[in-house]
Amino acid sequence: MLTLASKLKRDDGVKGPRTSNAASDSTRRVSIRDKLLVKEVAELEVNLPCTCKVNFPDPNKLHYFQLTVTPDEGYYQGGKFQFEIEVPDAYNMVPPKVKCLTRIWHPNITETGEICLSLLREHSIDGTGWAPTRTLKDVVWGLNSLFTDLLNFDDPLNIEAAEHHLRDKEDFRNKVEDYIKRYAR
């Protein structure tokens with residue numbers, strides 16, 4: 001992370017005539033996405049919810065990171081849920097791609113990791129989808145909120161989990177706890 005940030009500062013400070021050497025010119029170029037990510041990651045690290053932790057496997061690739069959410073209340077308390085976040089080249093015009101890596105019994109996350117969160121939708125009819133004004137901080141806070149106030153049984157992606165909750169809340173809780181013991185420790 002610091003390596004990319006220092007590269008950006010160093011490249012911004014490079015003055016002088018351009019060379020015709022395409023290889024050296026392309027090695028100095030940094031995408032708009034990467035420039036945005038340097039700022040957004042710094043902001044994210046300052047404003048990270050206490051239940052979240054980010055990990056950059058490669059500090060030179062801010063466009064790929066992992067998020068761990070450890071809810072401290074509700075059905076999912078005591079679990080540790082891993083998400084993979086990849087920021088595409090067209091960011092911030094398109095949302096990051098997010099996948100839940102932890103198997104979970106959740107109405108808004110499938111067992112294969114697909115996520116139903118309106119701000120991750122490129123086109124949303126309710127106006128709450130992705131917009132260029134959104135940031136990684138919004139994505140992280142949204143994912144964190146899927147375990148508390150954004151937990152939505154009325155508009156599920158995992159219909160079976162939502163119907164299970166409707167039929168028998170106690171059995172739903174037991175299944176969530178079983179999944180946490182088996183997959184989220």
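Is Asp 168 buried, partly exposed or exposed, and why does it count as such? Asp 168 counts as partly exposed because its relative accessibility is 35%, where buried means under 20% relative accessible area, exposed over 50%, and partly exposed in between (1.4 Å probe, protein chains only).

1. Basis of the note. This is a predicted model, in which local features need pLDDT of at least 70 and side-chain atom pairs count only at pLDDT 80 or more, while totals for chains, interfaces and linings use all residues. Residues are numbered from 1 along each chain as its sequence is written, and side-chain values use heavy atoms, with hydrogens and water left out.

2. Overall make-up. The protein has 6 helices and 4 strands, these being DSSP runs numbered from the N terminus (helices are H or I with at least four residues, strands are E with at least two). Read from the N terminus, the order of the elements is α-α-α-β-β-β-β-α-α-α. Of the 185 residues in the protein, 41% are buried.

3. Strands 1 and 2. Strand 1 runs antiparallel to strand 2 (residues 64-69), and 4 bridges join them; strands are said to pair if DSSP finds at least two bridges between them. Within this pairing, Lys 53 has Thr 68 of strand 2 opposite to it.

4. Strands 3 and 4. These two strands are also antiparallel, with 4 bridges in their pairing, and Phe 83 has Cys 100 of strand 4 as its bridge partner. Cys 100 belongs, with Val 98, to the covered face of strand 4, while Lys 97 and Lys 99 make up the uncovered face.

5. The loop between strands 3 and 4. Asn 92 lies in this loop, and the peptide bond that leads from Tyr 91 to Asn 92 is cis, with omega near 20°. As background for the reader, most peptide bonds are trans.

6. Salt bridges around Arg 33. The structure contains 5 salt bridges, each defined as a side-chain nitrogen of Lys or Arg within 4 Å of a carboxyl oxygen of Asp or Glu. One of them joins the side chains of Arg 33 and Asp 34, at 3.2 Å from N to O. Another joins Arg 33 to Asp 89, with the closest N and O atoms 3.0 Å apart. This second pair links distant parts of the chain, since Asp 89 is in the loop between strand 3 (81-86) and strand 4 (97-100) and Arg 33 is in helix 3 (residues 32-46), 56 residues apart. Arg 33 counts as buried because its relative accessibility is 8%, and Asp 34 is buried because its relative accessible area is 14%, whereas Asp 89 is exposed because its relative accessible area is 65%.

7. A salt bridge between helices. Lys 137 and Glu 43 form a salt bridge in which the closest N and O atoms are 3.4 Å apart. Here too distant parts of the chain are linked, with Lys 137 in helix 4 and Glu 43 in helix 3, 94 residues apart. Lys 137 is partly exposed, with a relative accessible area of 24%, and Glu 43 counts as partly exposed at 31% relative accessibility. Returning to the previous point, shared partners join the salt bridges of Arg 33, Asp 34 and Asp 89 into one network.

8. The negative patch. Asp 168, Glu 170, Asp 171 and Glu 177 form a negative surface patch; patches are made of residues with over 30% relative accessible area and no salt bridge, and like charges are joined within 9 Å. Asp and Glu count as negative, and the place of the charge is taken as CG of Asp or CD of Glu. Accessible areas come from the Shrake-Rupley method with a 1.4 Å probe. Asp 168 lies in the loop between helix 5 and helix 6 (169-183), while Glu 177 is in helix 6 and counts as partly exposed at 35% relative accessibility. Glu 177 is 73 residues from Ile 104 in sequence, and their C-alpha atoms are 9.7 Å apart in space.

9. The loop between helices 4 and 5. Asp 154 is located in the loop between helix 4 (136-145) and helix 5 (159-167), and Asp 154 is exposed because its relative accessible area is 76%. The C-alpha atoms of Asp 154 and Leu 166 are separated by 9.8 Å, the two residues being 12 residues apart along the chain.

Technical notes:
Patches are made of residues with over 30% relative accessible area and no salt bridge: like charges are joined within 9 Å, nonpolar side chains (Val, Leu, Ile, Met, Phe, Trp, Tyr) within 5 Å.
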